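Open the model in your viewer and keep the selection tool at hand.

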Amino acid sequence: MCGIVGYIGHRDACSIIIKGLKRLEYRGYDSAGIALYDGKGIYVSKIKGKVNDLEEKIASDKNTNGSIGIGHTRWATHGVPNDINSHPHYSNSRNLVIIHNGIIENYAAIKQELINRGYTFHSDTDTEVLVNLIEDVQKSGSYMLGKAVQIALNQVVGAYAIAVLDIKKPNEIVAARLGSPLAVGVGKDEFFIASDASPFIEYTSNAIYLEDEEMAIIRQHKEPRFRKIKTDLLFTPYVQKLKLNIEEIEKRGYEHFMLKEIFEQPQAIKDTYRGRLLVHNGLVKMSGIEDNLEKFLNAQKITIVACGTSWHAGLVAEYIFENLARIPVEVEYASEFRYRNPIVTNKDVVIAISQSGETADTLAAIKLAKENGAFVFGVCNVVGSSISREAHAGAYTHAGPEIGVASTKAFTTQISLLAMMALRLAKAKGTLSTSDFKRSLVALETIPSKIEIALKSDGLVKEIAENYKDATNFLYLGRGFNFPVALEGALKLKEISYIHAEGYPAAEMKHGPIALIDENMPIVVIATKYGHYEKIVSNVQEIKSRKGKIIGIVTEGDTQVKALADHVIEIPETSEFLSPLLTTIPLQLLSYHIAVLLEKNVDQPRNLAKSVTVE
Ligand code: F6R
């Protein structure tokens, strides 16, 4: 949550920062702000709203020159979104300005102490407390900015990625991280800092990812210095060569990132398979699994921890692992797991699933699992992310950047990867016959081309969306492997169209939700050929007799549901355990088209952020 950008070099800092903030808007878009050093003083401008609003506000300002600056796009935690709470924040003397992503948990106590010492506060933010704490440290011992930041950070509890400018030492930016991501882009005589590499990818492919409790002092025309915040040790960081390219983070003709990402799924899944799914050799090969095979095979149980859509992928994986590899699996919300004193031991394997690799609750769940001796395996999309580094081992989904806030290709690539893992373990355990194993590999291989076919329903789904865009409630029903898809379909609709929706296992309908059904209630029923089809047909009949409007997701050639439903969307036939990869496609498209028809901001829905780095 919140995106931060900084630049120090020889180019126009303002335009680099504004462009960078636009790329980071997926992290928050409640307000935006910038601080620039123009050789004389520090100019600050900030506004409630989007980066475009900031750009408009500063368009006619004359003092936006200079080649040093920092910028921020906010997802509000402490204090409502307004101009005053927007970042950057000044210290009382107005010598320091700060931008911050994270939460200072002990800010209230620090604030009170500072108030007792005569400091005044203008905003409701924890960030203004931090910048004044740094100033207070500076004053108390005439410390240079870097030292003062370090001393102050040793007093705070919480999470931060910060960048600080000091008018007394204007050719320097001090950046630090704990819990929130921070990358330093290393160019030729220029440096960038950012929450991820997207703001600087067209200028340099050399990046340093700060670890927790590390700080960087970035100086103009000099080498940066890197220091451990706790131990004061200077260190030489590892410079990573980025593979990201600029095309991947642009819309390429699609109206929204979400639509682009929905249509990218066939390719994204092929990228997940690459080098791992070796159908001709009859193999699944994943180094993270091969190196730790015994741990998986001897596991008492597998616990999957994740949040949101990634948690839904975990639920699908539970069905797949238990069916194919016969390993007991529990799926937990990371936010519950971390606080409920779970039973986890050194006989357990914990799989953490996260697109961003930065979700605070998932990260905390991993730390707890490690403390209890469990082996932790990360399934992440973002390379080099905190979760991928914290896990003992892992595998990347390689879906490419997902920028739309509503997760789509992350979900299907996570399931694809977890299905490969389950097959590899099934083979090692001998729980699948050789012929079933081979058939499953072929089924996996054909998924991308079947998704291409499923995507052809786009026009039909749009027509269905026209019919139901004004509904105020939706039900989504599925069974077995497709129950989590019902949850995911409902989540997609809620988050981008703000229509209330619930996902249920179809048979649970009778135990309550059936009371909601009348002629105004659209009900999306996943009724594919395999997996309790006859039972789902009965559920469809029950809905029909209560006049609910039925949108059936069926296998090509279906006749029974077709005869009962108001609309059907066909998907190609596949093995039951892989059907979620196809049934989810029309549900993604349905939520997308309804949101577009309702003129909602599809890529940046209200109150949400792509990467939830706070609890
Ligand atoms: C929904 C969505 C969220 C995320 C959740 C976890 O479309 O995107 O529910 O799935 O915040 O995020 P990651 O996977 O980054 O840990």
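**Around the ligand**

Select the ligand and its shell: by class, five of the shell residues are nonpolar, eight polar and two charged. Here Ala, Val, Leu, Ile, Met, Phe, Trp, Tyr, Cys and Pro count as nonpolar, Asp, Glu, Lys and Arg as charged, and the others, Gly among them, as polar. This is a predicted model, in which local features need pLDDT of at least 70 and side-chain atom pairs pLDDT 80 or more, while totals for chains, interfaces and linings use all residues. Residues are numbered from 1 along each chain as its sequence is written, and side-chain values use heavy atoms, without hydrogens and water.

Next, pick Ser310, Ser354, Ser356, Thr359 and Glu495, which come nearest of the 15 residues around the ligand; a residue is near if one of its heavy atoms lies within 4 Å.

Colour domain 2 (251-445) and domain 3 (455-601): both give residues to the shell, so the ligand lies between them. The domain bounds come from an automatic or database domain assignment.

**Backbone contacts**

Show the backbone of threonine 309, where an N or O atom is 3.0 Å from a ligand oxygen. At serine 407 a polar backbone atom lies 2.9 Å from an oxygen atom of the ligand. A polar contact is a pair of N or O atoms within 3.5 Å; within protein, one must be able to donate a hydrogen and the other to accept it, and residues adjacent in sequence count only if both atoms are side-chain atoms.

**Two backbone spots**

Most residues other than glycine have a negative phi, and most peptide bonds are trans. Go to histidine 87 and proline 88, joined by a cis peptide bond with omega about 0°. Finish at histidine 221, not a glycine, yet with a positive phi of about 60°.
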